[in-house]
Amino acid sequence: QVQLVESGGGSVPAGGSLRLSCTASRRIYSSAVMAWFRQAPGMEREFVALLRWRGGNPLLADSVKGRFTISKHSVDTVSLQMSDLKAEDTAVYYCAMGSQYDTSHRAYSSWGQGTQVTVAS
């Protein structure tokens, strides 16, 4: 079972930027779909972005389009660049690996432990 480790979370003022990274314990295979989800207290886990590792256009949630970017950083790392952060972006952000192009968290079999992002308004 692949292990995923997120890093890069923290506290920023509204309008600030953060870059999250997710590193896998092995090379990410071309068949994989890498995704980011987030979960605020008392809320459902919410899709943020996904990327098909073999290529193609990323998919972003409407709430983050134009502000967040998902990209390959290396053969074992996916990044989430977050800009113009808003208070409503505050959540624990999770990296996930699956094999289907799917925005449902149920489609992903491997998860990181999460990293906290806090945006002060």
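A: Buried means under 20% relative accessible area, exposed over 50%, and partly exposed in between (1.4 Å probe, protein chains only). Strands (E, at least two residues) are DSSP runs, numbered from the N terminus. The model is predicted: local features need pLDDT of at least 70, side-chain atom pairs count only at pLDDT 80 or more, and totals for chains, interfaces and linings use all residues. Residues are numbered from 1 along each chain as its sequence is written, and side-chain values use heavy atoms, with hydrogens and water left out.

Q: Which strands does β4 run antiparallel to?

A: In general, strands of a sheet pair through backbone hydrogen bonds, either parallel or antiparallel. Here two strands count as paired if DSSP finds at least two bridges between them. β4 is joined to β5 by 6 bridges and to β9 by 7, antiparallel in each case. M34 has L51 as its bridge partner in β5, while W36 stands opposite C95 in β9. The hairpin of β4 and β5 has 6 residues between the strands, and G42 takes a positive phi near 75° there.

Q: Which residues touch the most other members of the largest nonpolar core?

A: A nonpolar core is a set of buried Ala, Val, Leu, Ile, Met, Phe, Trp, Tyr and Cys residues joined through side-chain atoms within 4.5 Å. The largest one has 37 residues, and M34, W36, F68, V78, L80, M82 and Y93 touch the most other members. Strands that each supply at least two residues of this core include β4, β5 and β9.

Q: What is the strand order in the open sheet?

A: The 4 strands follow the order β1-β3-β8-β7, with antiparallel pairing. β1 (4-7) and β7 (68-74) stand at the edges with a single partner strand each, so one side of each is left without a neighbour in the sheet. Inside the sheet, 6 bridges join β3 to β8, where R19 has Q81 as its bridge partner.
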